[in-house]
Amino acid sequence: MKTAFGPSGNNVTILHSRQNPGYQEGAIQAISDALENNWFTPYDWIIRVNPDVIIRNDTWIIHQMLDKEKVGAILVDCGDKFLNSAKYAKVHTDFSIFQPKYIQVPEEAKRIVNAEKHFSKIIEEVWTTGRAAILPDNDPNHGICRVRGHKSSVVHDHEWLDGMIQCFNQGIYNFTKCNSLNS
């Protein structure tokens with residue numbers, strides 16, 4: 001972990017806005033505010049994860065982050081297509097990891113009101129140049145932008161989380177055992 005994240009444990013910026021502009025607008029505002037205020041500038045990697053997204057296994061993710069000359073972002077494709085070859089992509093915003101040096105905010109991105117399409121536009125350089133590592137084992141989304149799958153190392157799945165809470169309440173703290181009970 002120290003190799004991927006550096007010797008300091010102080011690489012955290014927290015911003016709390018008292019006003020939530022709404023579902024899509026809030027996701028757009030979070031990334032826009034950070035870019036406009038250069039909050040990402042001192043960091044090699046930005047990890048954006050919503051509270052209802054669970055990283056079940058970080059091994060593959062850390063391996064990708066350590067290959068930072070080849071990998072510019074770790075993304076989930078909402079469109080069920082291989083993102084690195086798609087002309088028009090839709091990138092998941094509830095979970096993404098990226099190097100801020102690859103972020104560009106073209107003027108047309110400022111007019112996009114869908115969070116996934118907005119983020120896809122500003123991170124376009126990464127996926128159009130083949131520098132996106134696509135999270136493996138994500139089940140097909142069929143138009144719903146959700147990271148999920150029984151084998152996926154990252155899940156945005158309220159039922160899975162509820163199952164884990166039930167296991168913990170029963171005193172089962174072994175992830176593998178709990179996961180097999182909930183599948």
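Asn38 sits in the loop that links helix 2 (23-36) to strand 1. Helices here are DSSP runs of H or I with at least four residues, strands are runs of E with at least two, and both are numbered from the N terminus. This is a predicted model, in which local features need pLDDT of at least 70 and side-chain atom pairs count only at pLDDT 80 or more, while totals for chains, interfaces and linings use all residues. Residues are numbered from 1 along each chain as its sequence is written, and side-chain values use heavy atoms, with hydrogens and water left out.

Asn38 has a phi near 55 degrees, a positive value in a residue other than glycine. Most residues other than glycine have a negative phi. Asn38 is exposed, because its relative accessible area is 51%. The classes are buried (under 20% relative accessible area), exposed (over 50%) and partly exposed (in between), with a 1.4 Å probe and protein chains only.

Next comes strand 1. Its covered face holds Ile46 and Arg48, and its uncovered face holds Ile47 and Val49. In a regular strand the side chains alternate between the two faces of the sheet. Strand 1 runs antiparallel to strand 4, and 4 bridges join them. Two strands pair if DSSP finds at least two bridges between them. Arg48 stands opposite Ser96 in strand 4.

Val49 belongs to strand 1 (residues 46-49). Val49 counts as partly exposed because its relative accessibility is 37%. Together with Ile47 and Ile55, Val49 forms a nonpolar surface patch of about 220 Å² accessible area. Such patches take residues with over 30% relative accessible area and no salt bridge, joining like charges within 9 Å and nonpolar side chains (Val, Leu, Ile, Met, Phe, Trp, Tyr) within 5 Å. A salt bridge puts a side-chain nitrogen of Lys or Arg within 4 Å of a carboxyl oxygen of Asp or Glu. Areas come from the Shrake-Rupley method with a 1.4 Å probe; for residues, only the protein chains shown count as cover.

Thr93 touches Arg48, Ala115, Glu116 and Phe119 (heavy atoms within 4.5 Å), not counting residues up to four places away in sequence. Thr93 lies in the loop between strand 3 (73-75) and strand 4 (95-98). With a relative accessible area of 5%, Thr93 is buried.

Helix 4 (residues 115-122) contains Ile122. Ile122 counts as buried, at 1% relative accessibility. Its contacts include Ile31, Leu35, Tyr102 and Pro106.
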